[in-house]
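Welcome, and thanks for taking a look. Please glance over the sequence and the 3D view first, and then we can walk through a few details together.

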Amino acid sequence: MSKIMTENLISNQDRDFEVLKCQILKDKGFDCNQYRDTYIKRRLTIRLRANNLYSYRDYAKLLNSDPMEYNELMTAFTITVSEFFRDASVFDYFRKNVIPSLIQDKRRKKQKIIRIWSAGCASGEETYSIAISMYDFLGATPENFIISVHGTDIDGASLVKAKKGEYTFEEVKNVRADSLSQYFVFDQGKYRVRDKIKGLVKFEKHDLISGKPLAHFDVIFCRNVSIYFSRAMHERLHMEFCNALNTDGFFVLGKTEMLYGAARKLFKPVNAKEGIYQKFKQTSIHPHPI
Ligand SMILES: C[S@@+](CC[C@H](N)C(=O)[O-])C[C@H]1O[C@@H](n2cnc3c(N)ncnc32)[C@H](O)[C@@H]1O
């Protein structure tokens, strides 16, 4: 194939890729442009292969003729792998340092409400791990603290599982034996989260890209979610998390990601190795607490 023909083929593919992204945005409201192109292309390749197709143009035609394919595509776009107490050292630091500091601050300010957001919570493992950590620290009589841990995700199927709160033996492998008996009931081959923990959590569908801004949180976890986002979206998201936190609130970004953009000036690292930051400057607060 001549160099010119190869270049034409590539530019056609690039153009078809852009057209396909517009079509997905128009039909499903899913904005591929906020993710890294390499990520979107990898996920599209899975669907092209599954349908024996070789071009974005043919795949766009398929989406037009078979809207059910969109369900498969949306599933392919979300990587929902999660674990209880994922990255043990992050949770160790959270339990031993962040929670005590947060509680001390709340007592000093005579505040009773503690709001935590697990953004991109998948099937709830992270959200429940946070709630268990809080319960462990405060005990059965949490001194009248009102704790709420909000798990949000874009993926409806994951949220159904999160709300159910039932996990296999393999899925709870990271949960300590004492926590397993304290916070789970073994029933019909599954470990079900006990009501005392379920009562602390709330799950809601929310798109971090197009959803309403949330606010008034003391801690935000957002781990293994924005790795797939574009640089511009990263910067916007980290700024939005900063706005969503109360002053002195904690941002748990985790070990695999770094802070981007203007938010770098508004957070101080509490433990950079574990990806834990604290907001030290007040920013504008959006008026939409969930
Ligand atoms: C790999 S999981 C991470 C789960 C959990 N945070 C953890 O670290 O174990 C990534 C989650 O991010 C969610 N996600 C991806 N894009 C999102 C978006 N725009 N808004 C909300 N959630 C999103 C996916 O549906 C998926 O459940």
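Which residue follows H2 with a positive phi? Asn-52 does, with phi near 55°.

## About the model

This is a predicted model, where local features need pLDDT of at least 70, side-chain atom pairs count only at pLDDT 80 or more, and totals for chains, interfaces and linings use all residues. Residues are numbered from 1 along each chain as its sequence is written.

## Helix H2

Helices are DSSP runs of H or I with at least four residues, strands are runs of E with at least two, and both are numbered from the N terminus. H2 covers residues 37-50, 14 residues in total. From first C-alpha to last it reaches 20 Å, close to the 20 Å expected at 1.5 Å a residue (the expected span is 1.5 Å times one less than the number of residues).

## Strand S5 and its partners

Let's turn to S5, residues 190-193. Strands pair if DSSP finds at least two bridges between them. S5 runs antiparallel to S3 (residues 166-167), joined by two bridges, and Tyr-191 is the bridge partner of Tyr-167.

S5 also pairs with S4 (residues 184-187), again antiparallel, over four bridges. Here Arg-192 stands opposite Val-185. S4 and S5 form a hairpin with two residues between them, and Gln-188 in the turn has a positive phi of about 50°.

Terms used:
A residue is buried if 20 or more other C-beta atoms lie within 10 Å of its own, exposed if 12 or fewer, and partly exposed in between; C-beta atoms are placed from the backbone.
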